[in-house]
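Please read them alongside the sequence and coordinates.

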Amino acid sequence: MLNLTPVERSALRAEAHALKPIVLIGEAGLTEAVMKEIELGLDSHGLIKVRVFGDDREARIEMYETICAQLEAAPVQHIGKLLVLYRPKKEAEKTRTAKTGKGMRMVTIVKPSASGTKKPSVSKVMLKGNERVTEGGTIKRAKKRQTSTKKNVG
């Protein structure tokens, strides 16, 4: 189980105030599917709220401790039927497949001034996979977008 200092816990409580619960635990209790959803939520968000439907306070506390122990998360707050959990986000490594094209890329465009006496303008632009930069510094698509033949027939 992850341990937090009181200052860290206080900051996380403040951050969690605006969050809505992303996992709801019903009368079936802490099932394997619920644990998987909590783990996915922790991986993608880091800080999550879980709502437990049920009036048994001891059962909620037991669920809270079980979740924290099994998923190596830190207990942040337990107010009523809401549980707040924290675990640092895991960086998901995205593997590129051979079928996909180029992704977004950052390009620096330097355009000389019109008069030639002033500094050239420098801008950073995100290009999509099918775009290119011309010599003049404008962005164009590598291939024209397909148009419908039905729209041209009038």
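1. A residue counts as exposed when its relative accessible area is over 50%, as buried when that area is under 20%, and as partly exposed in between. The model under review is predicted, and the points below should be read accordingly.

2. On this scale, E62 has a relative accessible area of 54% and is therefore exposed. E62 lies in helix α3, which spans residues 57–71.

3. E62 also takes part in a negative surface patch, whose other members are D56, E58 and E65.

4. Attention is drawn to the backbone at E72. This residue is not a glycine, yet its phi is positive, at about 55 degrees. E72 is placed in the loop between α3 and β3, the latter covering 74–79. With a relative accessibility of 55%, E72 is exposed, because the cut-off for that class is over 50%.

5. As to overall architecture, four helices and eight strands are present in the chain. Read from the N terminus, the order of elements is α-β-α-β-α-β-β-β-β-β-β-α.

6. The contact pattern may be described as follows. Of the contacts in the chain between residues at least 6 apart in sequence, 54% link residues at least 24 apart.

7. The chain has 154 residues, of which 23% are buried. Its accessible surface amounts to about 11,900 Å², with carbon and sulfur atoms contributing 53%.

Definitions and conventions
Residues numbered from 1 in each chain as written. Predicted model: local features only at pLDDT ≥ 70, side-chain atom pairs only at ≥ 80, totals over all residues. Heavy atoms only, no water. Patch = residues over 30% accessible without salt bridge, like charges linked within 9 Å, V, L, I, M, F, W, Y side chains within 5 Å. Areas by Shrake-Rupley, 256 points an atom, 1.4 Å probe, with all protein chains shown as cover. Salt bridge = Lys/Arg side-chain N within 4 Å of Asp/Glu carboxyl O. Lys, Arg positive; Asp, Glu negative; His and termini not counted. Charge placed at Lys NZ, Arg CZ, Asp CG, Glu CD. Helix = DSSP H or I, 4+ residues; strand = E, 2+ residues; numbered from the N terminus. Buried < 20%, exposed > 50% of the residue type's maximum accessible area, 1.4 Å probe, protein only. Contact = heavy atoms within 4.5 Å.
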